[in-house]
Amino acid sequence: MVIHYICRYCGKHLGKLEGTSFQSEQLGFHKLTEEERSDMIEHDQNGNLYVKTICEDCYESFQKNAKYYLNDYIIQ
């Protein structure tokens, strides 16, 4: 199983975790609501997880231009 962390706005690959099993408590997923989980975490047919997060570049862009939060993506 591989867990990929990607930026939800620009699609940049931020990192990955590889292993045979992970507990949701280890990853912090247990702190998310069901709605947040369904919005942030996707599975593929191979059992890999894709976690949508935010990269530093997009975070900085949002700090400078709060109106960007209204968009589903940012082209950089």
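In which sense do E1 and E4 pair, and over how many bridges? E1 and E4 pair in the parallel sense, over five bridges, where two strands are said to pair if DSSP finds at least two bridges between them. This is a predicted model, in which local features need pLDDT of at least 70 and side-chain atom pairs count only at pLDDT 80 or more, while totals for chains, interfaces and linings use all residues. Residues are numbered from 1 along each chain as its sequence is written, and side-chain values use heavy atoms, with hydrogens and water left out.

View 1. Helices (H or I, at least four residues) and strands (E, at least two residues) are DSSP runs, numbered from the N terminus. Of the 76 residues in the chain, 21% are buried, a word that stands for under 20% relative accessible area, whereas exposed stands for over 50% and partly exposed for values in between (1.4 Å probe, protein chains only). Among contacts (heavy atoms within 4.5 Å) between residues at least 6 apart in sequence, 42% join residues at least 24 apart.

**View 2. The strand pairs and their hairpins.** Strand E1 (residues 2-7) and strand E2 (residues 13-18) run antiparallel and are joined by five bridges, with Ile6 standing opposite His13 in E2. These two strands form a hairpin with five residues between them, and Gly11 in the turn has a positive phi of about 85°. Strand E3 (residues 41-43) pairs with E4 in the antiparallel sense over three bridges, and here Ile41 stands opposite Val51 in E4. The hairpin of E3 and E4 has five residues between the strands, and in this hairpin Gly47 takes a positive phi near 90°.

View 3. With a relative accessible area of 28%, Thr53 is partly exposed. Not counting residues up to four places away in sequence, Thr53 touches Tyr5, Ile6, Cys7, Arg8 and Leu14. Thr53 and Leu14 are 39 residues apart in sequence, and their C-alpha atoms are 8.8 Å apart in space.

**View 4. His4 and its partner in a polar contact.** His4 has its place in strand E1 and counts as buried, at 14% relative accessibility. Its side chain makes a polar contact with the side chain of His13, at 3.1 Å. A polar contact is a pair of N or O atoms within 3.5 Å; within protein, one must be able to donate a hydrogen and the other to accept it, and residues adjacent in sequence count only if both atoms are side-chain atoms. Leaving out residues up to four places away in sequence, His4 touches His13, Gly15, Lys16, Leu49, Tyr50 and Val51.

**View 5. Two nonpolar cores.** A nonpolar core is a set of buried Ala, Val, Leu, Ile, Met, Phe, Trp, Tyr and Cys residues joined through side-chain atoms within 4.5 Å. The largest such core has six residues in all, namely Ile3, Phe29, Leu32, Ile41, Leu49 and Val51. A second, separate core has five residues, among them Cys7, Cys55, Cys58 and Phe62.

**View 6. Cysteines without a disulfide.** A search of the whole structure finds zero disulfides, a disulfide being a pair of cysteine sulfur atoms within 2.5 Å. Cys7 is in no disulfide, and the nearest cysteine sulfur, that of Cys58, is 3.7 Å away. The sulfur of Cys55 is 3.6 Å from the closest cysteine sulfur, in Cys58, which is too far for a bond. Cys7 is buried, with a relative accessible area of 2%, and Cys55 also counts as buried, at 3% relative accessibility.

**View 7. An aromatic pair.** The structure holds one aromatic pair, formed by Tyr9 and Phe62, which are edge-to-face, with 4.7 Å from centre to centre and 80° between the planes. Rings of Phe, Tyr and Trp (its six-membered ring) pair if their centres lie within 6.5 Å, and planes under 30 degrees apart count as stacked, over 60 as edge-to-face and the rest as tilted. Tyr9 lies in the loop between E1 and E2 and Phe62 in helix H3 (residues 56-64), so the pair ties together parts that are 53 residues apart in sequence. Both Tyr9 and Phe62 are buried.
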